[in-house]
Amino acid sequence: MRIALREAQKGVGRTAPNPPVGAVIVKNGKCLSAGWHRSAGCPHAEVEAVKNLQCPELARGADLYVTLEPCSTQGRTPPCTELILRSGFRRVFIGTVDPNPLHAGRGLRILRQGGIEVYDGICEAECKILLRPFAKFITSRRPWVISKAAMTLDGSLTLPQANGRWLSSEKSLKAAAKIRSECDAILVGANTLRIDNPRLTIRRGGSERAPLRVVMAGARSKLPKNAELFTDKWSGRTVVFHGQSPAQVLDTLGSRDVMTLLIEGGGETHAAFVGEGLVDEVAIFLTPWISGGGVPAIGGGQEKPFFEKTGNWRFTVTESRFTRYGDDILCRGLLAHNIDT
Ligand SMILES: NC(=O)c1ccc[n+]([C@@H]2O[C@H](COP(=O)([O-])OP(=O)(O)OC[C@H]3O[C@@H](n4cnc5c(N)ncnc54)[C@H](OP(=O)(O)O)[C@@H]3O)[C@@H](O)[C@H]2O)c1
């Protein structure tokens, strides 16, 4: 299942509105093949694993490991349960059941009725973590929201004296690029567009691709027409929301099959989403600078302090990771929030 999880990981950020899934075929203690779901409309992981066998007959009597319960309905591709039954697998090991309430458990029942031994809950916690964005999306039709920022030790997004200098180390920038690559859309506020003129593309291993690029702007605000987002070769992948609330933005992005949304700032934009309890996960790179001013990481240049407007928010980090990148520390965790009255 750990190999299947590594396979599934390859699809993260590419499969929306489908989940990333990995599968492995094992016989007599030997791993015969593996597969992963590449993108919506492409074959599912189980199909890829069978295709990758030297010959399909090898599946007869073999074990299949798959990170998510196999699908049992006809979608853009035929149900995987049929392929599994037809191929003659002896046992199927499943990471976690489908979080879609319309499907949950159905695939398992069909396989059992077909005479296959089915075991579920294998490496379940890891499989569920991988499926978090899909689980939220399929039950709420809103994307999983990650707020990402590089911040000074005194909580600022910028160094007033440093003229646009990056806060974070080379290693952090690479880690940030990996987080980007796991998301379907990246959102920034109008000021960040004006000041940083970002490209918001995913640049990895010598290639570059564009997720959906989203800008939040005021109802009548003007944006620079010559910004990268409006003029580069992916300008068709840029969406501007004028005068919309964060919740409205999430609803619209959900209807466009955005499963994971990355908010990259600035401070006012983070505050708008955090303040309404709409952020699921944070990724903050803490950098070894003291700004003594600059744009607050959560709050931005608003007239009133953020907490005065929204009340005090208390976050419980329910799951967290602290990783060192050069001189920076990435704090990545989930937020369970309550208003502290
Ligand atoms: N260190 C980092 O990780 C990082 C990342 C990104 C940005 N930055 C820096 O952060 C600074 C910009 O941050 P900022 O806080 O001033 O601005 P921001 O969050 O980038 O943009 C805020 C602006 O977005 C528009 N907007 C529209 N709807 C909104 C809503 N519901 N909530 C919030 N904003 C909404 C408004 O502009 P209009 O009314 O004018 O349209 C608002 O003034 C820049 O200096 C940039 O370099 C740093």
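Start with the whole structure: a search of it finds 17 salt bridges. A salt bridge here is a side-chain nitrogen of Lys or Arg within 4 Å of a carboxyl oxygen of Asp or Glu. The model is predicted: local features need pLDDT of at least 70, side-chain atom pairs count only at pLDDT 80 or more, and totals for chains, interfaces and linings use all residues. Residues are numbered from 1 along each chain as its sequence is written, and side-chain values use heavy atoms, with hydrogens and water left out.

**Stop 1: salt bridges**

Select aspartate 280 and lysine 136. They form a salt bridge, with the closest N and O atoms 2.8 Å apart. Aspartate 280 sits in the loop between α10 and β13 (281-286), while lysine 136 is in helix α5 (residues 124-140). The two are 144 residues apart, so the pair links distant parts of the chain. Helices (H or I, at least four residues) and strands (E, at least two) are DSSP runs, numbered from the N terminus. Is aspartate 280 buried or exposed? It is buried, with a relative accessible area of 17%. Buried means under 20% relative accessible area, exposed over 50%, and partly exposed in between (1.4 Å probe, protein chains only).

Next, select arginine 332 and glutamate 182. Their side chains meet in a salt bridge at 3.9 Å, N to O. Arginine 332 lies in strand β15 (residues 328-339) and glutamate 182 in the loop between α6 (170-181) and β7 (185-189), so this pair ties together parts that are 150 residues apart in sequence. Both residues are buried.

Now pick arginine 199 and glutamate 208. Their side chains form a salt bridge of 3.0 Å, N to O. Arginine 199 is partly exposed at 35% relative accessible area. Glutamate 208 is partly exposed too, at 31%. Then highlight Lys178, Glu182, Glu281 and Arg332: salt bridges that share partners join them into one network.

**Stop 2: phenylalanine 273**

Select phenylalanine 273 in helix α10 (residues 267-275). It counts as buried because its relative accessibility is 0%. Which residues does phenylalanine 273 contact, leaving aside its neighbours within four places in sequence? They are Leu187, Met216, Pro246, Leu250, Ile263, Leu278 and Val279. Contact means heavy atoms within 4.5 Å.

**Stop 3: histidine 37**

Move to histidine 37, in the loop between β2 (30-36) and α2 (45-51). Histidine 37 is buried, with a relative accessible area of 2%. A polar contact of 3.1 Å joins its side chain to that of asparagine 18. The side chain of histidine 37 also reaches the backbone oxygen of proline 43 at 3.1 Å. A polar contact is a pair of N or O atoms within 3.5 Å; within protein, one must be able to donate a hydrogen and the other to accept it, and residues adjacent in sequence count only if both atoms are side-chain atoms.

**Stop 4: two domains**

Colour domain 1 (2-131) and domain 2 (141-339). These bounds come from an automatic or database domain assignment. Their centres, taken over C-alpha atoms, are 34 Å apart. Ten residues of domain 1 contact eight residues of domain 2. About 670 Å² is buried between the domains, and carbon and sulfur atoms give 53% of that area. Select Gly13, Ala16 and Pro17: they supply 53% of the area that domain 1 buries against domain 2. Buried area is the accessible area (1.4 Å probe) that two parts lose on being put together, summed over both. How many salt bridges cross this interface? The rule finds zero.
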